[in-house]
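Me: I am new to reading protein models. Can you take me through one, feature by feature?

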Amino acid sequence: MRELFDEPEGKSAVNPMEAARRAARTVQRKRFYTSAGVGEADGGHTVELDGKPIRTPSGGIVILPVRSLAEDIAAEWNAQSDIIDPLSMPLTRFANSVVQGVIGNAGAVADDVGKYFASDLLFYRAGHPEGLVAREAAHWDPILFWAAETLGAHFILAEGVVHVRQPEQAMAAARAALPSDPWAIAAMHVIATLTGSALLALALFHDVIDHAQAWAAAHVDEGWNAEQWGIDEEVAARTAVKLVDFNTAVGVLRALRQDR
């Protein structure tokens with residue numbers, strides 16, 4: 001499996017989404033196993049190909065914290081045809097990046113997520129037209145109110161794109177609400193990277209919003225522009241690719257939540 005999911009040496013895995021994308025090599029290989037199933041290991045569950053556990057490109061056994069994630073990865077392997085397509089296996093790629101680069105490094109990943117609290121998407125508002133202003137407020141204000149009232153994180157809003165320095169106390173309060181679990185923080189990093197908002201990721205993690213609300217909130221401006229000018233096919237194609245990674249990360253958070 002090394003040639004299918006390997007990533008270049010010297011690359012940082014602090015960003016699990018980027019690590020997963022790098023792992024999606026164009027190399028193709030014929031299916032070399034009959035079936036995939038779920039096994040047991042100390043600390044979790046494995047995915048087995050004909051009885052042998054899958055490993056990361058560096059050789060570590062992939063151990064999933066909850067059985068449902070192992071079952072979902074096994075389903076990705078079972079769904080492969082004669083030729084294995086890594087791009088059709090987003091959860092496998094995500095798991096590889098977590099096991100190989102986030103476990104033992106969760107604090108650094110959390111710090112990377114925390115950087116978004118200095119310039120989160122939700123802080124920067126349109127000044128016009130009124131319809132867009134109102135739509136941003138409808139999607140974003142409830143999350144900011146929750147952060148202020150529940151976390152004690154009071155952020156400053158701005159009109160336009162000129163950077164506004166956020167209070168250290170607000171950023172620290174939001175950072176303290178991030179999880180320490182490597183699987184959860186890796187999923188949140190993917191969500192924050194794709195949406196431009198750690199607050200959306202945090203609200204998802206704490207069940208303040210669901211995945212559909214988070215995705216809609218992250219694309220308020222794009223949705224408005226599409227309504228006014230029509231759909232840009234290139235933008236729509238890129239968004240569809242991002243949605244796959246987003247749904248994968250949300251699925252990980254959902255599985256972890258159900259196991260709690």
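Me: Where is the place of D50?

Reply: D50 sits in the loop between β3 (44-49) and β4 (52-53). Strands (E, at least two residues) and helices (H or I, at least four) are DSSP runs, numbered from the N terminus. This is a predicted model: local features need pLDDT of at least 70, side-chain atom pairs count only at pLDDT 80 or more, and totals for chains, interfaces and linings use all residues. Residues are numbered from 1 along each chain as its sequence is written, and side-chain values use heavy atoms, with hydrogens and water left out.

Me: What is phi of D50 near?

Reply: Start with the general idea. Most residues other than glycine have a negative phi, and most peptide bonds are trans. Phi of D50 is near 50 degrees, a positive value in a residue other than glycine. D50 counts as partly exposed, at 43% relative accessibility. Buried means under 20% relative accessible area, exposed over 50%, and partly exposed in between (1.4 Å probe, protein chains only).

Me: What is phi of D207 near, and where is the place of D207?

Reply: Phi of D207 is near 60 degrees, again positive in a residue other than glycine. D207 lies in the loop between α9 (198-205) and α10. D207 is partly exposed, with a relative accessible area of 47%.

Me: Which peptide bond is cis?

Reply: The bond from H128 to P129 is cis, with omega near -10 degrees. P129 is in the loop between β7 (124-125) and α6 (130-151).

Me: How do I read a nonpolar core?

Reply: In soluble globular proteins, nonpolar side chains tend to be buried together. A nonpolar core is a set of buried Ala, Val, Leu, Ile, Met, Phe, Trp, Tyr and Cys residues joined through side-chain atoms within 4.5 Å. Here the largest nonpolar core has 78 residues. Those that touch the most other members include W77, F117 and I185. Helix α8 (residues 182-195) gives the largest share of this core, ten residues.

Me: Which residues is I185 in contact with, leaving aside its neighbours within four places in sequence?

Reply: Contact means heavy atoms within 4.5 Å. I185 is in contact with V102, A106, V109, A110, V113, L178 and P179.

Me: How many residues does the protein have, and what share counts as buried?

Reply: The protein has 260 residues, and 46% count as buried. Its secondary structure comes to twelve helices and eight strands.
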